[in-house]
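The following note sets out numbered points on the structure shown below. It takes the sheets, the helix packing and the salt bridges in turn.

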Amino acid sequence: MFYFRTCYNISQEKSIETIFRFLMTHQIGFIGHRGHAKKLLDIVEEEENFEVSKIYHPTKNLDDSRGTNNLKDLYDCDGIVIASPNNTHFEYLKDIIENSNCLIYCEKPPVTSLEGINYLEELPNEKKKRIIFGFNLRFTKLNDLLKEHTRSEKLGKIIQINIITSQGLAFKEKYLSDWRADGKNNLHNMIENGSIHWIDLMVFNFGKTTNSNYLPRLISNNGTSFDTASVNLQFESGVVASIFTSYATPLVENIIIVGTNGYIVITEGKMEISYPRDTFDDNGLFTNPENKEKTTYSFQNDGKNSLKKAVNYFLNHLTNSKLFELEYFDTSVYSNKIVLEMEKDL
């Protein structure tokens, strides 16, 4: 294992060590091998100086020379990616944190129980900084847009954000055999797989919440977990976010960001910014502000690019022998905690 055996033994040969570090092939272990895990694995394998050396499955004998049923085989990897079903994240995180010194990329949600939250919150800071969670919306153009227009002259103060992102996965035949549809182990499927991304993006930009509301539904009658979720969040900053996610509708992708002076409308293919508020007709009555900026925008491309950026963020820290920012960990756990508390309050 290269990462923690060498990266903090800084000596006078720092420049030589830096060159050596960049030339090294870093060993990455994977927990998970299909679906989303395969997307992450493909991204890692596209990058130079990284090799997926071990792929763990608890029971299956994978048709891959890298496959193993022994989690200990991953302990000496430089980095480990956890991309298994949600309800297994906690046990793998706990095991790896306590038995390995590697960097960890864990898919969202971090955990699915308040017990897991308590464990993460009580970790020493140095261990927290070894972990990054897969909230890839932090790496989107949309995140950049929110940061740019928080109290901007064009929008004024942002006060309301409405998000609708939904599609028809629950009506596909393969959904019935997917772990997401299993209400016994993943009852809150939709909020933990879809809504939590948007919840975290809101927390990442607007801070702590003062009020929340969660309305889950099973619309498709396929599977036993909730396939639709409506979430409302109020933040200390005064922003209110309404988030609707579903696996039981046609493809709908729509975001409206409303400020005191203007607003942004994002749909597939375009983004429009309209302002100012004080726009009047000939009778002195309010009329729609002029659409002053129009640019192209693709939810699919932004999502795909952000996933690669999130994984590369993990890999770059590994290459440069850097721990992650503590704020990233704390915000992830807080976003996760909001979700779990809303589930508990149903």
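How many bridges join strand β12 to strand β13, and do the two run parallel or antiparallel?

1. The model is predicted, and the points below should be read accordingly. Strand β12 (residues 263-267) and strand β13 (residues 270-274) are joined by five bridges and run antiparallel. Within this pair, I264 stands opposite I273 of β13.

2. These two strands belong to an open sheet of eight strands, ordered β8-β9-β10-β7-β11-β12-β13-β14, with mixed pairing. Its edges are β8 (209-217) and β14 (291-295), each of which pairs on one side only. From one strand to the next, the twist averages 10°. Helix α9 (residues 189-206) packs on this sheet, where α9 touches β7 (158-166), β8, β9 (228-235), β10 (240-246) and β11 (252-259). The direction of α9 makes about 15° with that of β9.

3. Strand β10 illustrates the mixed pairing of the eight-stranded sheet. With β7, β10 runs parallel, and seven bridges join the two; I164 has F244 in β10 as its bridge partner. With β9, β10 runs antiparallel, again through seven bridges; here the partner of V231 in β10 is I243. The hairpin of β9 and β10 has four residues between the strands, and G238 in this hairpin takes a positive phi near 100°.

4. A further open sheet has six strands in the order β3-β2-β1-β4-β5-β6, and its pairing is parallel. The edge strands are β3 (67-68) and β6 (131-133), each pairing on one side only. Inside the order, β4 (residues 79-82) and β5 (residues 103-106) pair in the parallel sense over four bridges. I80 has I104 in β5 as its bridge partner.

5. Helix α5 packs against helix α4 (residues 89-99) at an angle of about 25°, with the axes 10 Å apart. Because the angle is under 35 degrees, α4 is roughly parallel to α5. The crossing of α4 past α5 is left-handed. On the α4 side the contact is made by F90, L93, K94, I97 and E98, and on the α5 side by E115, G116, Y119 and L120. By class, this contact has five nonpolar, one polar and three charged residues.

6. Helix α5 (residues 114-121) also packs with helix α11 (residues 326-344), at an angle of about 160° and with the axes 10 Å apart. An angle over 145 degrees counts as roughly antiparallel, and α5 and α11 are therefore roughly antiparallel to each other. Here too the crossing is left-handed. L114, I117, L120 and E121 of α5 meet F329, V333, N336, K337, L340, E341 and K344 of α11. The residues in this contact comprise six nonpolar, one polar and four charged. L120 of α5 takes part in the contact with α11 and also in the contact with α4.

7. The count of salt bridges comes to 13. One of them joins the side chains of K308 and E46, at 3.7 Å from N to O. This pair links distant parts of the chain, since K308 lies in helix α10 (residues 299-319) and E46 in helix α3 (residues 36-46), 262 residues apart.

Note on methods. Residues numbered from 1 in each chain as written. Predicted model: local features only at pLDDT ≥ 70, side-chain atom pairs only at ≥ 80, totals over all residues. Heavy atoms only, no water. Axes fitted to C-alpha atoms, helices over the stretch in contact; angles between N-to-C directions. Parallel < 35°, antiparallel > 145°, perpendicular 65-115°, else oblique. Left-handed = near helix turned anticlockwise from the far one by under 90°. Contact = heavy atoms within 4.5 Å. Nonpolar A, V, L, I, M, F, W, Y, C, P; charged D, E, K, R; others polar. Pairing = 2+ DSSP bridges. Salt bridge = Lys/Arg side-chain N within 4 Å of Asp/Glu carboxyl O.
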